[in-house]
Amino acid sequence: MENIQWLFFDVGSTLVDESKVYEERMKTVAETANVSFEYVFQTALGFYKENKKGDLETMKLLKVEKPIWRHEYEMLYCDTEACLKELSEKYRIGVIANQSPGTEQRLKAFGMLQYINLVIASAEEGVAKPDRRIFEIALDRAGCKPQHAVMVGDRIDNDIIPAKALGMKTIWIKQGFGKYWKKSSECEQADYEVHNLTEILDIVQITSTQLPLRLCLGSNTFRKYSAPNIRNCPEITCK
């Protein structure tokens with residue numbers, strides 16, 4: 001990947017693991033609707049596999065109001081910090097995300113803001129992805145032309161399609177429920193597909209012996225961990 005100056009990242013299911021948030025949200029929906037958690041999870045999963053927002057569609061089906069988003073259950077993926085640290089030594093790093101107010105403060109609390117040069121979030125900007133204007137705002141403030149920027153995100157509809165339409169390079173990170181998206185047209189095809197942040201280093205040709213030999217393994221079910229801020233991943237050899 002040549003002539004790239006900026007790498008832009010989504011936040012949820014890209015830098016931040018939201019699995020526990022969704023788990024708690026689905027538990028609340030199940031309790032409110034008086035159905036099992038398994039029913040809610042499987043129903044939502046079915047909707048996600050149809051390229052729909054599974055949790056919201058399930059709430060509509062069950063006639064349940066949307067529970068609040070519990071940011072306290074968010075945590076970093078195990079390779080987030082190591083990868084941002086490596087990438088920030090060669091590229092400028094930005095965030096383009098649909099988030100509630102306080103994105104910059106949350107990234108700071110995670111210790112990630114030191115690696116990030118620009119944060120563009122929907123709540124503060126008054127415009128949300130997939131609206132191309134939020135990408136244009138980010139590129140304008142970065143002083144970067146689209147062809148010199150990369151968008152990394154888990155959502156084909158919110159991240160890949162609009163960024164590609166602007167002329168940015170795109171990387172689809174298949175984490176969270178976004179990995180179930182079924183592509184049906186050329187506009188949905190990212191330039192690269194990865195399963196974790198570590199794999200991005202190969203794409204941008206960064207090799208480091210300092211990266212932890214740990215990759216997050218995908219799962220169709222929720223897993224529980226005790227660490228408050230970082231996903232505790234199984235130890236495996238990086239490839």
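Okay, thanks everyone. Before anything else, this is a predicted model, so please keep that in mind throughout.

Let's start with the overall picture. The protein chain has nine helices and eight strands. It runs to 239 residues, and 49% of them are buried. If you take the contacts between residues at least 6 apart in sequence, 62% of those join residues at least 24 apart.

Now the inside. As a reminder, nonpolar side chains in soluble globular proteins tend to be buried together. Here, the largest nonpolar core holds 30 residues, and the members that touch the most others are Leu 7, Phe 9, Leu 87, Ile 93, Val 95 and Ile 200.

One residue I'd like to stop at is Ile 96, which sits in strand E4. Is Ile 96 buried or exposed? Its relative accessible area is 0%, so it counts as buried. Once you leave out neighbours within four places, its contacts are Phe 8, Phe 9, Asp 10, Ile 120, Lys 129, Ile 134, Phe 135, Ala 138 and Met 151. Take Phe 9 from that list: 87 residues separate it from Ile 96 in sequence, yet the two C-alphas are 6.0 Å apart.

Ser 122 is another one to click on. You'll find it in helix H6 (residues 122-125). With 12% relative accessibility against a cut-off of 20%, Ser 122 counts as buried.

The largest pocket comes out at about 690 Å³. It is lined by 31 residues, and closest to its centre are Glu 18, Tyr 22, Lys 53, Asn 98 and Arg 155. H1, H3 and helix H8 (156-166) each give two or more residues to that lining, and H8 gives the most, with four. How does the lining divide by residue type? We get eight nonpolar, ten polar and 13 charged.

Searching the whole structure turns up two cavities of 30 Å³ or more. The largest cavity has about 50 Å³ of space. Around it are Val 11, Val 16, Glu 74, Gln 99, Thr 103, Arg 106, Leu 107 and Phe 110. Helix H5 (residues 103-109) is the top contributor to that lining, with three residues. By type, the lining has four nonpolar, two polar and two charged residues.

The second largest cavity has about 30 Å³. Its lining is Arg 25, Met 26, Val 29, Val 40, Ala 44, Asp 55, Thr 58 and Met 59. Helices H1 (19-33), H2 (37-48) and H3 (54-62) supply at least two residues each. This lining divides into five nonpolar, one polar and two charged.

Last bit: backbone geometry. Most residues other than glycine have a negative phi, and most peptide bonds are trans. With that in mind, go to Lys 129 and Pro 130: the peptide bond from one to the other is cis, with omega near 15 degrees. Pro 130 falls in the loop between H6 and helix H7 (132-142).

There are also a couple of positive phi values. Ser 13 has phi near 60 degrees, and lies in the loop between E1 and strand E2 (16-17). It's buried, at 5% relative accessibility. Asn 51 has phi near 65 degrees, in the loop between H2 and H3. This one counts as partly exposed, at 25%.

That's my tour; happy to go back to any of it on screen.

Note on methods:
Residues are numbered from 1 along each chain as its sequence is written. This is a predicted model: local features need pLDDT of at least 70, side-chain atom pairs count only at pLDDT 80 or more; totals for chains, interfaces and linings use all residues. Side-chain values use heavy atoms; hydrogens and water are left out. On a 1 Å grid over the protein atoms alone, a cavity is a set of points where a 1.4 Å probe fits but cannot get out, and a pocket is an open set with protein on both sides within 12 Å along at least five of seven lines; lining residues have an atom within 4 Å of a point. Grid points are joined across faces, edges and corners, and a volume is the space filled by probe spheres set on the points. Ala, Val, Leu, Ile, Met, Phe, Trp, Tyr, Cys and Pro count as nonpolar, Asp, Glu, Lys and Arg as charged, and the others, Gly among them, as polar. A nonpolar core is a set of buried Ala, Val, Leu, Ile, Met, Phe, Trp, Tyr and Cys residues joined through side-chain atoms within 4.5 Å. Buried means under 20% relative accessible area, exposed over 50%, partly exposed in between (1.4 Å probe, protein chains only). Contact means heavy atoms within 4.5 Å.
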